[in-house]
Structures are given as structure tokens and as C-alpha cells.
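User: I'm new to this one and would like to get my bearings. Can you walk me through it in plain words?

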Amino acid sequence: MISTIIRQYKVDMSEAVQPDINHYEHFNAFFTRKIKAKARPISIGSDVITSPVDGCISQIGPITAGRIVQAKGHDYSTLELLGGDQELAAKFEGGQFATIYLSPRDYHRIHMPLSGKLMRMRYLPGKLFSVNPLTVRGVPRLFARNERVVTIFKTDFGPVALILVGAIFVGSMETVWHEGEITPPYTKDILDWHYADSNIRLNKGEEMGRFNMGSTVVLLLPQAAPEWAEQWKAEMKIKLGQALT
């Protein structure tokens, strides 16, 4: 199966810390493989926010009237995406969003787009629709309906949200601070963790979590954050560490 995926999706194993596929004890170990740090240089600068993942930009732009663009003719609310927390959603009014889709060929670990102190994590149960481009164009409010993990960081620009969206075959997400998988089986309950007193701080470029299969990350910035660079448009490929601002 590993060999098939490598051939079908043209996975560049020269970037992997362990390029020998016989080293991986199971498929998920291969899927969440580490890559060499030099393969993904992190853009420097205190006002530079970087891509947290390898992938393809699904949509990128402003958060307008509390709405986020999903695809042409489809949008959804920040409030619904964040699990109905009005106080939290208000922090991103007038801000920006970027939605990045990870395909099977991409590196599946998620890194910090800027330095920040962990404040909160929410597990939001939901569907597991596929998040491929065709489904995203056809399923209304998909990212606000799928199972997801919302992480909130305190940064120099204010609160920043990194949202890990589950998908078909991807009911499994992890973060570096939470032991084991966050996504519990067969629950419909929202789970909330608060970390304001924990002093967990991650620097820009540092690993913060992983998908145990491919999916999507939604990045939310507050109004005070630097604006996205004009070069970035929907359907453009992007690499971890490239400057978004």
C-alpha cells in the first residue's frame, strides 16, 4: 500500500528523515512521517505569518460579516466553525482566513504559523465528509459540519485559531501537548480544554499536531494581524514555512 501511494501521488521520499519504506511499521507511520528540517525552511520576520502545512489553498481572504468563503456560491459562519462560542467568534470579526487542503502526497504534520501561547482547545463532533475540492464545492457549510479540533493561541497580534478539520477516514487528530488522539469514538459531546495556566508556548515553525490521514486546516487571524500577501489565490499550492503575509 505504501509503495502504491508513493507511485500514484509521486511522494518525494528524499525529503523524509527515513526514506526507506521498510522502516515504517504500518501505513500510518508512513503517512505521518517526519521530513528533514532543511526541506521546509521557515520564513523569518516578526510580521511574517507562515503556512502551517503543505497543501493547496482552497480559499483565502477576509472574514466579512462573520462569514467565511468555502467555495463559489458557498460560505459558512465563523460562529458555527468555532462551535457556537459567540465571544470567541467575535475576536475574528474583520480578520482573515486561509483554508488549506492536504492531499495524500503532502506532509501531514502541522506546524505553528507564528509563535504563540496555547490558550484553549475544543473538540467539536460532526460528520466526516470528504474534503476534496469536488466535495467542498458541493456540500454546503462542510467545514462547519465536519468533526474538527479548534486550537486557540495568544500571539503578538491577538488570538489566532488553527482548526484541524476531519474528513472521510480521518477521525483521528493529535496535538503535541495532548496525550493520544483527541477525537474520541462515538461521542456527540463538545469537549473543552483550557490552558491559560499551563505555560505551553510554541514557536513559529514548531510542530503542533498531525492528521493521521489527509484533511484540511483553517487558519483564522484577528483584525490586527498582517494582511495576506496578494500573491496567494485559491487553488495555489503552498509549502509549510512559506510566508503568507
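User: How many salt bridges does the count come to?

Analyst: Keep in mind that this is a predicted model. To count here, a side-chain nitrogen of Lys or Arg has to sit within 4 Å of a carboxyl oxygen of Asp or Glu. Arg210 and Glu207 make it, with their closest N and O atoms 3.8 Å apart. By this rule the count comes to 9 salt bridges.

User: Which residues are linked with Arg122 and Asp192 in a network of salt bridges?

Analyst: The Asp192 and Arg122 salt bridge is part of a network.

User: What about Asp75: which residue does Asp75 form a salt bridge with?

Analyst: Asp75 is partly exposed, at 34% relative accessible area. The closest N and O atoms of the pair are 3.0 Å apart, and the partner is Arg67.

User: Which residues have the most contacts inside the largest nonpolar core?

Analyst: That core has 34 residues. Several strands each supply at least two of its residues, including E1, E6, E7 and E13. Phe153 touches, among others, Met112, Leu118, Trp177 and Met208, leaving aside residues up to four places away in sequence. The residues with the most contacts inside the core are Phe153, Trp177, Met208 and Leu219.

User: Why is one side of strand E5 and of strand E9 left without a neighbour in the sheet?

Analyst: Three strands form an open sheet in the order E5-E12-E9, with antiparallel pairing. Between E9 and E12 there are 3 bridges, and Thr175 stands opposite Gly209 in E12. E5 and E9 stand at the edges, so one side of each has no neighbour, because each has a single partner strand.

User: Is Leu134 buried or exposed?

Analyst: Leu134 lies in helix H5, residues 133-138. The cut-off for exposed is over 50% relative accessible area. Leu134 has 63%, so Leu134 is exposed.

Technical notes
Residues numbered from 1 in each chain as written. Predicted model: local features only at pLDDT ≥ 70, side-chain atom pairs only at ≥ 80, totals over all residues. Heavy atoms only, no water. Core = buried A, V, L, I, M, F, W, Y, C linked by side-chain atoms within 4.5 Å. Buried < 20%, exposed > 50% of the residue type's maximum accessible area, 1.4 Å probe, protein only. Helix = DSSP H or I, 4+ residues; strand = E, 2+ residues; numbered from the N terminus. Contact = heavy atoms within 4.5 Å. Pairing = 2+ DSSP bridges.
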